[in-house]
Amino acid sequence: MEKLPHIRYLVFATFLYANAVAQNAATIVGHVTAAGSGESLIGANVSLIGTFYGAATDSEGNFLIKELPPGSYTLLVSMIGYRNVTVDSIIVRAGETLVQEVTMDRDVLKSPQIVVSAARFEQDIMEAPISVSVLGVRQIFDKAAFSLEEVVIDESGVTSVKGQLNIRGASGYTLGAGSRSLLLLDGVPLLGSAAGNIVWTVVPSSEIERVEIMKSAGSALYGSSAMGGVLNIITRNASASPENKLRIRLGRYSQPRFDQWRWRNDPGLVYTVEATHARPFGDHSGWLRLQRNSTPGFTELNWLNAWNLTGKLKLNFGSRYTAVLYANYYSENKGLESVWKSPAEPFEAPAICADDKSVGQKFNLNGFGNYIYSPRVVVKAKAAWYDVWWRNHGTNTDFSREQKYFSELQGAANWSSTLSTKAGVALERGWINARIFGVHNSTMVAAYLHARQKVGHWLVSLGARNEQYYVDGEYLDGALAPSLAVNWRRYDWLSLRSSVGGGFRVPTIAEMFSHSQLNVFKVEPNPDLKTEASVSFEAGGTMILSGLVFDQVRLDGAVFVNRFNQIIEPVPDNLGIIHFENITDARIAGQELSLSAVLPAERGLIKVAYTHLDPVILSLAGNVIDTLSYRYRHNLQNTLTLNFGAVAATVEYRYASRLEKTELFDTNPLTGQDRRVPLHLVNSGLAWNAGEWEVLLRIENLFQYYYVELERNMAAERLITFCLFYTF
Amino acid sequence: MTWMARLAAGLSITCAVVVLAISCSLKDSLGPVAGVEGELQVSGEWPDSIKAAALIVLDDVVLEDAADHLIAFSDPLMPGDTLIPYFVQLRPGRYYLVAAGLTVEPALFLANMEANSADGDIPFVILDDDLSAIATPVLIRKDEVVQVNRTISF
């Protein structure tokens, strides 16, 4: 109680400071237009470099930054489809309003140029210290995908094995029990605490502003599960004027091209109907989206019926206080896929499982609040609640109820125009009651500190994160992950980067306590699992060229080595019983090269990305003793888009080499029982943009190429979809 | 170089990649397989010594030396169950189907299959008492699946 007077003084001093700031405050107003056309640009991001002040342009292209202390500032304006603009030495005086006009040139590559995930600071993608891919609205829209997974696997270094995300081969396939790639939604972790796996269905793929894929170890920034990379989904804010969107997607799977594989007379209708309403109200804004999704599936148990209600609210209390609240409710009833009936009937389920299904609900609530204490100091508080319930019916009667609470308090300071720091603490609590795990709880506490210093053309990022884990009230393990990264950018067209960092991942509850039967295989618990650790090194560069055959070429290359210690993988022992085990050491080394080229007169875009991996298991002496399972050694993605006025035609080709090693089922060379083949997937699309109306025709797996990602599971059949989008 | 020429150059490169993709996709795609399928049934009391039952496929009917002629086996039928649908993928040829009892747990049987095959000591016993059925070969043709049901009586 004796401390209360001090708190009163502190509150009073803060009030006086805030009052003085308000009285002396300056304002910057401005207008952003497109070069050439003079069109006002809506939704451009405006920020003052070295401070935490910023705004977005409204429905008339205007922006307003108020409550600004007098001084000299550098203005940065960014928008997808346009080149960043900086305006140096803007001087604002006490009580004055400065008017600033900004004109932006078009960026023919049309990809986002500002990222936040790579160093937890907002920065130009050319200054990112590690490899980052960014997907913008257009790239997501052009895929007409229900699940974001279908979009991200076309990025260099990204693959998926039966829904399990792999960034540079980090995760492989772990029976859904653990991921080394972290999914963030607006910077908040979205993984279940028990299985630690990505739940793609809760991602609102039509309301995304951009997706950032961070491809190097992210534990120093984001902790456990980020040791193999991070996928950060940034959802869009509501438009500056009231807006309604209606999206209808109708599709049909083809009949198998072999008569022997046909299993139904009518493939049925795939449909998604979605309505979104967005509006500003006063200084605030928000959107609400309702989605209905139904598919008969391409296999007997691939059917799904789901409802998804999502909303986002952005609250602005002047220039210094902002808050965001995001909520998602998802309800599904779906077939429970396990394995095919046989390779002779690969689209049918075993007769005994024909009625297997799963019913579940997911609820996710997250939000954050920003308080700009001064131009150079900001405090951010984040919180999230995650509640998942599901129950299986049929031969599999598993059930699960899982809840997770996450909170984080973060402070950031710009000490000078060249030095920034960020520090924070985080707490996560999880509860699980599942038939195959039992009843457990987990707690994570973390603290981190990061600094960024600019020295000439060099940008040095240094940081570390410490996490401590408790399971069922007992201490499990702790880890410290440091990182050091540099970026050199002497010219606008060239940047070089290199980084080294530690990573770690604590075993998930699923890996420690799973007790189940998978066909003839038994999975037994291993509560003695240890935290796995990694050291990652990467060097790479990005070059933007023009004046060659193409209007503009963006070339990005990287070499990387990830060395894992005590890596956790599902391993059958000599009794045929699968345990999750710390299998000595492993190394995944590789190279990655990607090229984006704009055809002359913006007639089209060519994207080529190639990734080579060498995923090996090492002995204690460091010798190669085996190949890591479920990793594609070669992966190539190509996209060609041609523009004919309002019509755009796209062809995509994806190649992945044959999986060299799998775990679940043996092959038999005497019978040809080995279904692993390389992937050769061709997709195509035709889009017509007529202002408020947009029409898209997509064909996935155009040539009906048949392959398996996971043993005894046929991958998707050809799907033809017609999409209609109306904005009003 | 005019923009038309540059456009043509860019398109040519991409078209070459697409053509390559299409030709490869036709070659490597999975397709129909040949094999034998049906139901394996059990009647009577399971002996304690038999941990599971399966249909094994031999390339010659030499029962005393079955390990040397073992080609494949079906998913096992576990004690307590009376019926299991099965499928065994096979290359075109002539085969003999024999009902066998595994004397170890199926998971252990599978885990050590390679080592046991090399030793010629596979832990199973022949359960079929219908020798005429064993001696009748099954002829598998390309992309053809042959139906065979078999019952084991304990």
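1. Glu127(A) and Arg489(A) form a salt bridge through their side chains, with an N to O distance of 3.9 Å; the term requires a side-chain nitrogen of Lys or Arg within 4 Å of a carboxyl oxygen of Asp or Glu. Glu127(A) sits in the loop between β9 (123–124) and β10 (132–136) of chain A and Arg489(A) in strand β28 (residues 474–491) of chain A, so the pair ties together parts 362 residues apart in sequence. Strands (E, at least two residues) and helices (H or I, at least four) are DSSP runs numbered from the N terminus.

2. The model is predicted: local features need pLDDT of at least 70, side-chain atom pairs count only at pLDDT 80 or more, and totals for chains, interfaces and linings use all residues. Residues are numbered from 1 along each chain as its sequence is written, chains are lettered from A and ligands numbered from 1 in the order in which they are written, and side-chain values use heavy atoms, with hydrogens and water left out.

3. Arg401(A) and Asp387(A) meet in a salt bridge at 2.7 Å, N to O. Arg401(A) belongs to strand β24 (residues 399–414) of chain A and Asp387(A) to strand β23 (residues 377–393) of chain A, 14 residues apart. Asp387(A) is buried at 15% relative accessible area, while Arg401(A) is partly exposed at 37% (buried is under 20%, exposed over 50%, partly exposed in between; 1.4 Å probe, protein chains only).

4. In the salt bridge of Arg658(A) with Asp674(A), the closest N and O atoms are 2.6 Å apart. Both residues lie in the loop between β38 (647–656) and β39 (679–690) of chain A, 16 residues apart in sequence. Arg658(A), at 34% relative accessibility, is partly exposed, and Asp674(A) is also partly exposed, at 25%.

5. Salt bridges with shared partners connect Arg180(A), Arg505(A), Glu511(A), Glu532(A), Glu569(A) and Arg631(A) into one network. The whole structure has 44 salt bridges over all chains.

6. Chain A is assigned domain 1 (4–104) and domain 2 (114–727), with bounds from an automatic or database domain assignment. Their contact (heavy atoms within 4.5 Å) takes 23 residues from domain 1 of chain A and 22 residues from domain 2 of chain A.

7. Between them, domain 1 of chain A and domain 2 of chain A bury about 1,700 Å², 59% of it on carbon and sulfur atoms; buried area is the accessible area (1.4 Å probe) that two parts lose on being put together, summed over both. Zero salt bridges are found across this interface.
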